Amino acid sequence: MGSREDGDLQRLIPLQGLRIPETNGDSRSSSPADSPSGAPSSARQSGKEALVKVLHSWASKKFMSGCMILFPIAITFYVTWWFIHFVDGFFSPFYALLGIDIFGLGFVTSITFIFLVGVFMSSWLGTNLLSLGELIIQKMPFMSYIYAASKQISVAISPGQGSNAFKEVAIIKHPSVGEYAFGFITSTLVLRKNLGGEELCCVYVSTNHLYMGDIVLVNSKDIMRPNISVREGIEIVISGGMSIPKILTTTNSQNNLSSRSGKYVIPQV
C-alpha cells in the first residue's frame, strides 16, 4: 500500500524537472530592470562629492587668507596695547593715590618723562651726571656686565651716536665655502705682518636675535656691502630673514676703502 502511494506522488510532482531559483547578492545587480536607474544615482552621488570637495577647498583657502591678513594686524594691536598698559603702569599708581583714574594718563606722563630725560641728558649737567652714574654702576660686580651689554645694544640700534655702533651691513663667506653670513661691521683694525699690514674689518655675526653672536675678522676686500641701512639689517636679523629684500645689490668695496684711506694707515714692516 505504501509503495503504491509513493509512486502516485512521483507521477504528480516530477522532482527532476523542478528548478529552485538561486537568490544571491548578484541577482539584483544583474536585473535589467534595476540597471537604468542605478547609473543616474551613482552619477548624482559622484557630482555631490565633487561639489563638496570644491567648496571645502575654496573655504579652506579663503579662511587661511583671512588668517594671514588678520594675524599681523592682531599681533600689532596686541603688542601696542600691551606696551601702552606697560608704560601706563609706571605712573598710574601715583595717580591712583591722588584719586585720579584716567586711562592713558600714565602713558602720556611716561612719554613726557622720557622726552624730558633726553633733553636733560643732552645738556652739560646731564652728561656729567650720566658719567657719574655709569662710573658707580661699573664698580658693581654683576650690574656692570648687564649695563655694558644693554648699552652696546642700544647704541647699535641707534647708529652714529658712538664708536661702538654698527657701521655697515656686511655679507661675508662664513662659516664654510659656498655659505654666506649676514653681519654688521663694528670696527676696523690693522693686522701687522712680516710683509706689511692688512686692513681687517671686525664683523659681528648675530646668532641669537642680535644680542649674542660671533666676532669674525675679515679682510676689507672680501666683504660684500649690500645697499641697505643698519636699521634695515637689524630688522632682517630680528625677523629671522623674513624682511630681507628679494634682490640685494652690493656696493664697490674699493670705493669704500678709498673713502677711508686717510683714516687708516697700513704700516710697512
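Which residue is the bridge partner of C202 in β4? It is L217. Let me build the picture around that pair.

First, the ground rules. This is a predicted model, where local features need pLDDT of at least 70, side-chain atom pairs count only at pLDDT 80 or more, and totals for chains, interfaces and linings use all residues. Residues are numbered from 1 along each chain as its sequence is written, and side-chain values use heavy atoms, with hydrogens and water left out.

Now the sheet. Helices (H or I, at least four residues) and strands (E, at least two) are DSSP runs, numbered from the N terminus. Two strands pair if DSSP finds at least two bridges between them. Here, four strands make an open sheet in the order β1-β2-β3-β4, and the pairing is antiparallel. β1 (168-173) and β4 (213-219) are the edges. Each has a single partner strand, so one side of each lacks a neighbour in the sheet. From one strand to the next, the twist averages 45 degrees. Between β3 (residues 196-206) and β4 there are seven bridges.

A helix packs on this sheet. That is α7 (residues 230-238), which touches β1, β2 (180-193) and β3. Contact means heavy atoms within 4.5 Å. The direction of α7 makes about 125 degrees with that of β2. Axes are lines fitted to C-alpha atoms, for helices over the stretch in contact, and angles run from 0 to 180 degrees between N-to-C directions.

Next, salt bridges. The term means a side-chain nitrogen of Lys or Arg within 4 Å of a carboxyl oxygen of Asp or Glu. How many does a search of the whole structure find? Two.

Take E168 and R225. Their closest N and O atoms are 3.4 Å apart. E168 sits in strand β1 and R225 in strand β5 (residues 225-226), so the pair links distant parts of the chain, 57 residues apart. Are these residues buried or exposed? Buried means under 20% relative accessible area, exposed over 50%, partly exposed in between (1.4 Å probe, protein chains only). R225 is buried, at 1%. E168 is partly exposed, at 25%.

Now K193 and E198. Their salt bridge has its closest N and O atoms 2.4 Å apart. K193 is partly exposed, because its relative accessibility is 42%. E198 counts as buried, because its relative accessible area is 19%.

That is the tour. Thank you.
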